[in-house]
Amino acid sequence: MNLGNFPIHAEITGPLVILGFGSIGRGALPLIERHIKFDKSRTVVVDPRDALHQEIASYGVAHVAAAVTKRNYRDLLTPLLTKGDGQGFCVNLSVDTSSVEIMRLCRDLGVLYIDSSVEAWPGFFASAEISNANRTTYALRE
């Protein structure tokens, strides 16, 4: 291992799906490019903002301008994560998406999953129906 050059240590054999392209996504994509071998033609960034299309395209990857919601996440993500051969990889860098539910979907599909945070669907953290202790990221992680 050469700590000075940080050589590539992994390869994604299936589609790479990145959820969100905010400040974390903008920083993560170049790191993924540097350290993980993957096929850019099988890579898609899912972010609802049309204004990001050219910036995302400048990396040589596709952009799906859609919000990941409780209603659509299975229908939206399943074909993206299972397209073609190999094992897919979901990199969740979004907010207001249920990390737990997307993680379960990935498990069901046999897709690798990583997340920058533990998130919930919108309204979870403000819900009066859930106790304060159960509305924390600690509770979500548990």
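This is a predicted model: local features need pLDDT of at least 70, side-chain atom pairs count only at pLDDT 80 or more; totals for chains, interfaces and linings use all residues.
Strand S2, which spans residues 16–19, is covered on both faces. Leu 16 and Ile 18 are buried on one side, and Val 17 and Leu 19 are buried on the other. S2 pairs with S4 in the parallel sense over four bridges, and Val 17 stands opposite Val 44 of S4. Strand S6 (residues 89–92) also runs parallel to S2 and is joined to it by four bridges. In this pairing, Ile 18 stands opposite Val 91.

S4 comprises residues 43–46, and the loop between this strand and helix H2 (53–57) contains Asp 47. Asp 47 counts as buried because its relative accessibility is 4%, below the cut-off of 20%. A polar atom of the Asp 47 side chain lies 2.8 Å from the backbone nitrogen of Phe 21. Leaving aside neighbours within four places in sequence, Asp 47 is in contact with Gly 20, Phe 21, Gly 22, Leu 52, His 63, Val 64, Ala 65 and Ala 66.

Helix H3 (residues 73–82) has four named buried positions: Tyr 73, Leu 76, Leu 77 and Leu 81. Seen down the axis of H3, these residues fall within an arc of 105°, so they line one face of the helix. In an α-helix there are 3.6 residues a turn, so residues three or four places apart point the same way. The cover over the buried residues of H3 includes strands S2, S4, S5 (62–64) and S6, together with helix H4 (99–109). Gly 84, which follows H3, has a positive phi near 75°.

Note on methods:
Residues are numbered from 1 along each chain as its sequence is written. Side-chain values use heavy atoms; hydrogens and water are left out. Helices (H or I, at least four residues) and strands (E, at least two) are DSSP runs, numbered from the N terminus. Buried means under 20% relative accessible area, exposed over 50%, partly exposed in between (1.4 Å probe, protein chains only). A polar contact is a pair of N or O atoms within 3.5 Å; within protein, one must be able to donate a hydrogen and the other to accept it, and residues adjacent in sequence count only if both atoms are side-chain atoms. Contact means heavy atoms within 4.5 Å. Two strands pair if DSSP finds at least two bridges between them. The arc is that of the directions from the helix axis to the C-beta atoms.
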